[in-house]
Amino acid sequence: MHLIQVDSVQRWMEDLKLMTDCECMCILQSKPINIEKDEQNELILSSQSYTCDNLQLLLKRAWIISTELTRIAQKLDKNRWQKVHSMTVRVNCHVRSMINEYNAFTRNSSEEMQQFENLLIDKCSEFTAFTERCIQTEDEQTLKSMKSCINEMLSTVAQYFGQLIELFLTHEAQNLLKQIEMSDSIYITESAINSLFSLTQEGAHLCRIIVKEGGVVALFKICRKDCFRCLYPQTLRTLASICCVEEGMHQLEKVDGILCLAEILTDNTHSEATHAEAAAVIAQITSPQLTFTQHLSSFLENMEEIVTALVKLCQDASSGEVFLLASAALANITFFDTMACEILLQLNAMKILLEACSDKHIVDTPYSRDQVVTILANMSVLDQCASEILQENGVQLLMEMLFERPSSGNSAEIAACERVQQKSAVTLARLSRDPEVADAAIKLSCIPRLIKLCRSPTERNNSDSVLVACLAALRRLAVMNPGGLEDSDFQQLVKPRLVDSFLLCTNMEESFV
């Protein structure tokens with residue numbers, strides 16, 4: 001779940017105001033109170049807090065129960081029977097509180113949900129009673145035989161709990177989508193869309209539930225109604241989240257979602273925020289990391305219009321965030337289909353992107369530079385690209401990107417910097433087949449920088465992909481200017497097979513003390 005990924009201190013600060021004893025019964029049924037200290041704090045959530053959103057409260061309660069069930073299994077493995085029983089009591093209380101909380105705010109709960117609620121409550125009660133017998137038993141053989149029964153009960157409770165949560169979330173998705181489809185009120189629709197977006201942030205499984213209940217269809221209906229224009233940005237943001245799963249992509253294709261996105265992007269009456277969120281959906285559905293994008297046949301039909309609109313969005317972007325979304329969509333499209341690179345050349349996109357890089361308010365992070373250099377790397381396979389790069393002083397930018405360094409220890413930023421270095425080296429290697437580009441690179445002292453990246457692991461953050469790209473670029477430039485390398489560099493980095501040079505450079509960081 002998304003909650004697990006939140007910084008632990010931040011989670012604690014958020015939950016601190018909700019903490020209290022779960023129920024008096026939790027203490028009464030757990031007597032005698034064990035003085036043994038547990039290495040993990042008890043996870044307790046107040047059912048009295050009405051300040052949290054109902055769905056978020058349900059998800060937090062579900063996360064706590066899931067965590068407690070995992071911890072019961074861990075304590076059971078260590079034969080800590082007293083702790084197993086007290087935690088079972090706590091789970092029992094949490095389950096009852098969760099069901100009571102949910103029934104307090106839900107509408108029209110189904111008969112199936114009520115059946116699972118009763119099943120889960122009965123099984124939790126049985127589980128609690130059984131673990132109580134365990135703490136009253138001292139015979140080791142008896143406890144050993146009871147352990148397998150507890151494991152079986154634990155699995156059953158977890159199964160019923162998972163099925164009930166699935167029903168709860170499905171029911172809530174249905175209610176939210178019903179509001180979106182039936183309401184003419186902007187405020188009600190906006191609230192429902194925001195709640196739906198919140199659900200999509202909890203993981204792929206919830207996105208699949210939303211798709212199954214018709215979420216993609218309902219959201220595109222909103223995007224086709226002029227009366228809801230002010231809601232387009234959050235609607236598109238929710239669609240981008242849903243389309244991280246294959247089922248969402250299939251639904252998008254069925255409802256002509258690509259055509260709708262193309263119409264939004266090419267309609268100049270829409271706000272920049274709407275265009276940016278539409279670009280985010282395009283970036284999501286064309287992501288090269290997804291393995292299920294190839295069925296988007298309608299995308300090719302609308303690609304020229306979409307690419308043209310995205311280039312314009314890059315050119316007119318008023319902020320770094322807008323540029324990042326538009327350029328990310330373009331970068332993904334260049335992977336999606338090679339024809340996109342030809343369209344970009346015709347649209348003079350090279351000049352627009354390189355000019356944007358000189359504006360530090362627009363291209364202000366390694367993530368944006370990663371998108372730009374990805375586009376340049378994919379365009380560099382075209383012969384016409386070399387003259388464009390020279391004309392717009394693009395070799396200078398590529399040289400600067402070889403010096404990309406993270407400003408913090410953030411792992412995502414470090415990875416983005418590595419990609420920038422790697423792709424700038426790849427682009428140089430490809431473009432240097434043109435003698436003029438190679439000459440410009442040599443004059444800008446690209447060779448010494450490439451050598452340093454090869455020889456110094458810290459300069460490339462120990463990245464093997466950066467090393468390979470730099471070796472390839474260095475070899476291409478060495479062909480054009482053999483005298484630009486010292487003999488030792490030539491003998492070690494250029495003359496041997498690429499794999500031998502790679503092994504030599506990777507071994508430089510090893511110590512044999």
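Predicted model: local features only at pLDDT ≥ 70, side-chain atom pairs only at ≥ 80, totals over all residues.
The buried residues of helix H12 pack against H9, H10, helix H11 (246-254), H13 and helix H14 (297-316), where contact means heavy atoms within 4.5 Å, and where buried means under 20% relative accessible area, exposed over 50% and partly exposed in between, with a 1.4 Å probe and protein chains only. Seven of the 10 residues of H12 are buried, and the helix is mostly covered; these are Gly257, Ile258, Cys260, Leu261, Ala262, Ile264 and Leu265. Helices here are DSSP runs of H or I with at least four residues, strands are runs of E with at least two, and both are numbered from the N terminus.

Residues are numbered from 1 along each chain as its sequence is written, and side-chain values use heavy atoms, with hydrogens and water left out.

The buried residues of H10 are Tyr232, Pro233, Gln234, Thr235, Leu236, Thr238, Leu239, Ala240, Ser241 and Ile242, and what covers them includes helix H7 (186-200), helix H8 (204-212), H9, H11, H12 and H13.

How does this sit within the whole chain? The chain has 26 helices and zero strands, and buried residues make up 52% of its 513 residues. Of the contacts in the chain with a separation of 6 or more, 74% are accounted for by residues 24 or more positions apart. The accessible surface of the chain comes to about 24,200 Å², of which 51% belongs to carbon and sulfur atoms; accessible areas come from the Shrake-Rupley method with a 1.4 Å probe, and for residues only the protein chains shown count as cover.

I turn now to the charged pairs. The structure holds 16 salt bridges, a salt bridge being a side-chain nitrogen of Lys or Arg within 4 Å of a carboxyl oxygen of Asp or Glu. In one of them the side chains of Asp267 and Arg229 meet, at 3.1 Å from N to O. This pair links distant parts of the chain, with Asp267 in the loop between H12 (257-266) and helix H13 (272-285), and Arg229 in the loop between helix H9 (215-222) and helix H10 (232-242), 38 residues apart. Asp267 is partly exposed at 22% relative accessibility, and Arg229 is partly exposed too, at 28%.

Is the next pair, Arg369 and Glu404, buried or exposed? The closest N and O atoms of this salt bridge are 3.0 Å apart, and the pair again links distant parts of the chain, Arg369 lying in helix H18 (residues 366-379) and Glu404 in the loop between helix H20 (394-401) and helix H21 (411-431), 35 residues apart. Arg369 counts as buried at 17% relative accessibility, and Glu404 is buried at 9%.

In a further salt bridge, the side chains of Arg433 and Asp383 meet at 3.6 Å, N to O. Arg433 is in the loop between H21 and helix H22 (435-443), and Asp383 is in the loop between H18 and helix H19 (385-391), 50 residues apart. Here Arg433 is partly exposed at 37%, whereas Asp383 counts as exposed at 61% relative accessibility. Elsewhere, Glu68, Arg71 and Arg90 are linked in a network of salt bridges.

H18 also takes part in a helix packing. Helix H17 (residues 349-357) and H18 pack at an angle of about 150°, with their axes 11 Å apart; axes are lines fitted to C-alpha atoms, for helices over the stretch in contact, and angles run from 0 to 180 degrees between N-to-C directions. H17 and H18 are therefore roughly antiparallel to each other, given that angles over 145 degrees count as roughly antiparallel, under 35 as roughly parallel, 65 to 115 as roughly perpendicular and the rest as oblique. Met350, Leu353, Leu354 and Cys357 in H17 meet Val372, Ile375, Leu376 and Met379 in H18.

Finally, a word on the backbone. Most residues other than glycine have a negative phi. Asn348, in the loop between helix H16 (339-346) and H17, has a positive phi of about 60° although it is not a glycine, and Asn348 counts as partly exposed at 33% relative accessibility. Asn393, in the loop between H19 and H20, likewise has a positive phi, near 60°.
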